[in-house]
Amino acid sequence: MKAHTEEQFSTFISQLKETNQTLDFFCDFNKISQNVNNIKLSLCMLNSLIGANDMRKAVETIWQRDKSAFNVMDILIAVRSEGQKKVIDSLGNCIVLDTLFESVDGVIEYLDNTGLTEIFQQQKIKDLVDYVFGIETGLDTNARKNRSGHIMEDTVAKIFDANEVKYRTEVYSTEWPSITEVLGDDEKRFDFVVETPQKKYLIEVNFYSGGGSKLNEVARSYSDIAPKINSVDGFEFVWITDGIGWKSARNKLQEAYNIIPSVYNLTDIQSFMAKLI
């Protein structure tokens with residue numbers, strides 16, 4: 001027997017939101033500022049390279065004072081190498097990028113071949129601290145995909161708070177032997193757990209504004225674990241999801257929707273709140 005009707009699914013799909021992005025989604029300036037502050041002293045030392053006519057002499061002066069200042073230079077080309085990034089050097093050898101910062105000759109090769117020597121000498125950059133702040137802002141866009149999920153979790157948490165529903169976050173399935181037994185080796189971490197006198201609700205939360213294979217995997221995974229959890233007396237699996245990305249995986253979502261009794265989006269989540277209250 002299906003958990004929902006065709007009409008209910010059509011309504012669910014029609015309610016999916018285009019985005020959950022608030023203005024603080026785009027840049028995490030606290031993290032950006034911290035990243036810059038961590039290397040600010042080295043960047044201030046490297047500022048002496050700006051406008052230097054004799055680049056080797058300028059590099060040697062810093063080297064004699066504190067050669068570790070050059071260890072941060074990978075960020076000047078928007079790279080976080082951490083000893084992993086490999087490049088081809090001027091001799092055609094494959095080397096780890098950071099090894100160029102182990103000698104004055106290596107630093108000069110890095111500056112010349114990246115084009116930074118010209119940039120510095122022509123003073124196209126005025127201050128490396130400000131410059132790196134801009135780079136960090138650009139690199140932070142790579143974290144947006146993960147932030148979308150965190151925003152959804154924050155949104156659901158605020159709804160719980162507004163309805164005075166007590167909850168716990170990031171709870172592992174191993175807390176309950178009966179759940180561990182039905183899930184087997186599949187240890188699961190639930191985004192939220194809400195406990196009432198009648199049931200413990202194990203809740204997963206996500207938001208997808210775009211498509212991709214990830215959506216099919218999620219729907220398939222939840223379709224598998226929900227019946228197992230629901231078979232344990234006093235437990236219920238709840239899935240709160242939203243985002244128009246699901247329209248590209250409509251069939252898989254519908255399969256899951258027909259298997260899992262408790263599926264909600266941000267529009268109908270109040271019906272879940274009413275159940276909890």
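Author: What follows takes some labels in turn and sets values against cut-offs. One note before that: this is a predicted model.

Reader: Why is H10 called roughly parallel to H11?

Author: Start with the angle. The axes of H10 (residues 213-230) and H11 (residues 250-259) cross at roughly 15 degrees. They come within 9 Å. Angles under 35 degrees count as roughly parallel. Therefore H10 is roughly parallel to H11. The crossing is also left-handed.

Reader: Which residues of H10 and H11 meet?

Author: From H10, they are Asn216, Ala219, Arg220, Ser223 and Pro227. From H11, they are Lys252, Leu253, Glu255, Ala256 and Ile259. By type, the contact of H10 with H11 has five nonpolar, two polar and three charged residues.

Reader: What makes Thr117 count as buried?

Author: Its relative accessibility is 10%. Buried means under 20%, so Thr117 counts as buried. Thr117 is found in helix H6, residues 116-121. Beyond its neighbours within four places in sequence, Thr117 is in contact with Met55, Leu111 and Asp112.

Reader: Is Cys27 buried or exposed?

Author: Buried. The relative accessible area of Cys27 is 18%, and the cut-off is under 20%.

Reader: Why is Cys44 called partly exposed?

Author: Cys44 has a relative accessible area of 42%. Buried is under 20% and exposed is over 50%. The value for Cys44 lies in between, so Cys44 is partly exposed.

Definitions and conventions. Residues are numbered from 1 along each chain as its sequence is written. This is a predicted model: local features need pLDDT of at least 70, side-chain atom pairs count only at pLDDT 80 or more; totals for chains, interfaces and linings use all residues. Side-chain values use heavy atoms; hydrogens and water are left out. Axes are lines fitted to C-alpha atoms, for helices over the stretch in contact, and angles run from 0 to 180 degrees between N-to-C directions. Helices (H or I, at least four residues) and strands (E, at least two) are DSSP runs, numbered from the N terminus. Angles under 35 degrees count as roughly parallel, over 145 as roughly antiparallel, 65 to 115 as roughly perpendicular and the rest as oblique. A crossing is left-handed if the near helix is turned anticlockwise from the far one by less than a right angle, and right-handed if clockwise. Contact means heavy atoms within 4.5 Å. Ala, Val, Leu, Ile, Met, Phe, Trp, Tyr, Cys and Pro count as nonpolar, Asp, Glu, Lys and Arg as charged, and the others, Gly among them, as polar. Buried means under 20% relative accessible area, exposed over 50%, partly exposed in between (1.4 Å probe, protein chains only).
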